[in-house]
Amino acid sequence: ALLTGVSAMTAPAHSAGYVIGVSNSWAGNAWREEMVCAIKAQSTLSKKVDKVIVASRTTDAAGQSADVRSLITQGVNAIIINAGDVNAVNPALDEAVAKGIKVIAVDNAVTDKSATIVSNDKVAYGAVGAEALAKAMGYKGNVLYMRGISGAGADTDRDKGFKAVMAKYPKMKIAK
């Protein structure tokens, strides 16, 4: 009887049968690849997700909108999107929401009012990183500054925070 009770306690929970879609507008970037892997890992660990369908490629807004529509036709219950353009994908996201699909935007927030945004304050994020770097360098020296995806809102905001802090330390130079 004791072994039966222990087996019941340690048996994996049954899946809720969810299918999660992931729309990633930029492939090949290490952070974005890690994001996709983390989504897959958490989905497996949750024991509530049967399948994760990933549309991860370097594309424009029209291509990402097509990816979202493809995820809709594949019957996903939710779409996690890291948008390349915060406005242009809204019509496709509206189609998903109209079908009862939950939309969660990560990193690059979208402007679609139906989406749940999971992101931090990117300006503050850039500032905190710059402040830590400045302190570690003794507030002087040359900084090799690498940006994210050009034109992405998250990159633009992080850049704003980073440069605002760097401007406070004239002995720190950003290499060009």
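Which residue in S2 is the bridge partner of Ser-23? The legends below answer this for a predicted model, in which local features need pLDDT of at least 70, side-chain atom pairs count only at pLDDT 80 or more, and totals for chains, interfaces and linings use all residues. Residues are numbered from 1 along each chain as its sequence is written, and side-chain values use heavy atoms, with hydrogens and water left out.

**View 1. Strand S1 beside S2.** Ala-55 in S2 is the bridge partner of Ser-23. S1 (residues 18-24) and S2 (residues 49-56) run parallel, joined by 7 bridges. Strands (E, at least two residues) and helices (H or I, at least four) are DSSP runs, numbered from the N terminus. Two strands pair if DSSP finds at least two bridges between them. From S1 the chain passes through H2 to S2 in a right-handed β-α-β crossover (clockwise from the first strand over the helix to the second, with the strands pointing away from the viewer).

**View 2. Strand S1 beside S3.** S3 (residues 78-82) runs parallel to S1, with 5 bridges between them. Asn-24 stands opposite Asn-82 in S3. Of the 7 residues of S1, 6 are buried, so the strand is largely enclosed by the rest of the structure. Buried means under 20% relative accessible area (1.4 Å probe, protein chains only).

**View 3. The largest pocket.** Its space is about 680 Å³. The lining has 26 residues; Trp-31, Tyr-125, Gly-148, Asp-155 and Arg-158 lie nearest the centre. Helices H2 (30-46), H5 (122-136) and H6 (153-166) each give two or more lining residues. H5 gives the largest share, 6 residues. A pocket is an open set of points on a 1 Å grid over the protein atoms alone, where a 1.4 Å probe fits, with protein on both sides within 12 Å along at least five of seven lines; lining residues have an atom within 4 Å of a point. The volume is the space filled by probe spheres set on the points, which are joined across faces, edges and corners.

Key
Buried means under 20% relative accessible area, exposed over 50%, partly exposed in between (1.4 Å probe, protein chains only).
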